[in-house]
Each structure stands twice: as structure tokens, then as C-alpha cells.
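The sequence and structure are shown first.

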Amino acid sequence: MQVSDLVFDANRLLTVKNLYVKYKSYWYIYHVLNDISINVGLGEKIGIIGESGAGKTTLLKSILQVLPINGKITSGEIFYRDVNLLKCSKQILLEIRRKRVGMIFQDPLAALNPVFTIKDHLLEVLRYANETANIDKSDLINIALDLLRDTLIPDPERILNSYPFQLSGGMRQRIVIAMALASARELLLADEPTTNLDVTIQAQILKLIGELVEKRGLSMILISHALGLIRKMTERVYVMYGGNIIEEAPTFKLFNEPLHPYTQLLFKTAPKILEPLSSVELRGNPLDYRNLPNGCVFHPRCPYGDSEVCRKVKPHQVKVEKDRTVYCHIYGS
Ligand code: SF4
């Protein structure tokens, strides 16, 4: 059976349910994802925002099951087109990774092998993505050239024969985007795809990703510190803090009226389009994932977090409107 044979609900291309992930070091266990549930519909563009270390990258890596060796999914479910990725065969998982879901990683240098040319990288991905289509090497090279043109790489024939170290950071990131597009026929996972690039290149690359996603009719999960671009490029946003989803809303509602105190602080202190969220000033210390606080995970830093209920009781999901939820006692019944 192939994944394409499966009938599924178009509103649920990807569903993550009650996911818990831990990282283990020699001495400690870090609770990095705690009861995470998200959903992505066919053609939908989702944003995930939150400070560095909130668990956003771990969530994307969990979906593709490419967590580091010390990371473990301890419970939960991940469905892609109704296939449970945590229980399916290795063959189905590989089919999804190679032909349906592409991921743009944060660091293009780490994603490219310095001893292989760009052609080697692209042909490797394209071979797997087209393994049943019986396409010969010259056709694959033409597809690779088209991908480079799509990502606005000048002189693609020359770049194809270059090594990663011969290219600028912006060009390497475009190569990584081209590789992700080769396997992303349905869903693109973009994890802070402009980290380490200068501000003007960041805006160009994100604009390019937005256009390519639109042109190819892809669904997307975009993690970015650029709030203005999340606002422009996504339809719905999840806000993460301390390995938890703390708010979910359609993008325009979230930006017009953030409900959770953490989201309000984020928007208040990071108003500029490309302002890094890491510069957000919050009172208190960053979270210790070995020992998360009781009650609301945000209470030690929340301006309203001094009540007993905030300190002792974890907030449940509150559906404030049909299409938006928040996890905060202020909105509880
Ligand atoms: Fe702040 Fe309490 Fe709401 Fe948590 S539950 S965000 S501590 S008000």
C-alpha cells in the first residue's frame, strides 16, 4: 500500500496529538515537549512562534522522526494522511520523508556535505523522490536545474557543479530550499530558514519560500523569529512557551488581539518586522527543562501569575472562539 492510496480528511493532512518528548543527558532528563497537539490542513500555512528553546525545532524533528540520539518521543500520536507515523512501517515513513514532506533546516552548512557538489546533493534527493518514476539521470539533472531556477539561483549550470563552501550563505540556503522542495510535494517544514543571514537576505528568502509554497500549492509549517513575515505568510499561528502550546488562533486575530499574557509580551517587546524574539525582555529566569514549574509553566514570569491557581494548576485548553484557543486561567470558566 502506498500513502497516496489512503483517503483522508483534507483538514487533517498532519495531526499531532498529545505529544511528549524528552532529551536525556548523562545526569538529567529534559522535558522539552509537553502535551503538544497541532493540526495542519491541506494547503494550509501554519506559523509557530516563541522564544528560542520553546521546543519548536524539536516539534518539527519529531514529526519527521529525526530527533537527536538522546531525544525520545515518550507518548502521543502523529498522523500524516491518517497514517500513524509512530506505528507505521519504515517503508511508509521513508515514503513520506522522501516524497511528501520536505524540511528546510536552520543551518544550511550543517545540511550540506562539504565533499559533495550541489549536483550530488540534489540528485540524491531527486532519485529518492522519483524512485518509482523511472526517470534517467539527464532528466533528473534538468529537474535539479529547474529547482535552482525556481529558487532564483543565477547561473544554475555553474552552481550545480560547485561545492557548498564556494557559495555564500544566502546561496547555500537557497540550495537547501531547493532540496526540501524536491521532496515536499505536500508539506514544507521550514525551521527558521533565515538564521545567520543578514536582514535583507532574510526578507528575500522568506518571500521566495512564500511564493514557492503558493505556486506549488503546498501546506507549510513556518518557524520564524520574524513576526511581520509570520503575519504575512501564515493563516494560523501556534504560540509555544516552555515546550507547551499556550495559544492558537487565526493569524490576523492573534496579531490584532493576542490573549495569552506571554503572547502579549512578545508582541509588545518585539514590534519590528525582523526583530529576533530572543531579545524579548521578560522578567525572571529562562526555564529549567529538568524541573518545569508546577501550575502554569509561565507563572514565574507572568505579570498576573501570583495567584495560587496559577502556581498550582496547569491551565486547560479554553476555547474562546470557535477557531481560537488559549491556555490561561484568566480565560477559564
Ligand atoms: Fe499568567 Fe496565570 Fe495565565 Fe499562566 S495561567 S499565563 S500565570 S495568568
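Helix 1 (residues 56-64) lies across strand 1 (14-24), strand 2 and strand 4, and runs at about 110° to strand 1. Contact here means heavy atoms within 4.5 Å. Axes are lines fitted to C-alpha atoms, for helices over the stretch in contact, and angles run from 0 to 180 degrees between N-to-C directions. Helices (H or I, at least four residues) and strands (E, at least two) are DSSP runs, numbered from the N terminus.

The model is predicted: local features need pLDDT of at least 70 and side-chain atom pairs count only at pLDDT 80 or more, while totals for chains, interfaces and linings use all residues. Residues are numbered from 1 along each chain as its sequence is written, and side-chain values use heavy atoms, with hydrogens and water left out.

An open sheet of 4 strands has the order 2-1-4-5, with antiparallel pairing. Its edge strands, strand 2 (29-40) and strand 5 (83-84), each pair on one side only. Two strands pair if DSSP finds at least two bridges between them. Strand 4 (residues 71-80) is joined to strand 5 in the antiparallel sense over 2 bridges, and Phe79 stands opposite Asn84 in strand 5.

Another open sheet has 8 strands in the order 6-7-8-3-9-10-12-11, and its pairing is mixed. Strand 6 and strand 11 (318-321) are the edge strands, each pairing on one side only. From one strand to the next, the twist averages 20°. Within this sheet, strand 3 (residues 45-49) and strand 8 (residues 219-223) pair in the parallel sense over 4 bridges, with Gly47 opposite Leu222 in strand 8. Helix 7 lies across strand 6 and strand 7 (187-191), at about 170° to strand 6.

**Pockets**

On a 1 Å grid over the protein atoms alone, a pocket is an open set of points where a 1.4 Å probe fits, with protein on both sides within 12 Å along at least five of seven lines; lining residues have an atom within 4 Å of a point. Grid points are joined across faces, edges and corners, and a volume is the space filled by probe spheres set on the points.

| Pocket | Volume | Lining |
|---|---|---|
| Largest | about 700 Å³ | 36 residues |

In the largest pocket, Ser37, Glu248, Gln317, Thr325 and Tyr327 lie nearest the centre. Elements that give two or more residues to its lining are strand 1, strand 2, strand 9 (236-241), strand 10 (244-250) and strand 12 (324-326). Strand 2 supplies the largest share, 6 residues. The lining divides into 11 nonpolar, 13 polar and 12 charged residues. Ala, Val, Leu, Ile, Met, Phe, Trp, Tyr, Cys and Pro count as nonpolar, Asp, Glu, Lys and Arg as charged, and the others, Gly among them, as polar.

By class, the lining of the second largest pocket has 12 nonpolar, 3 polar and 3 charged residues.
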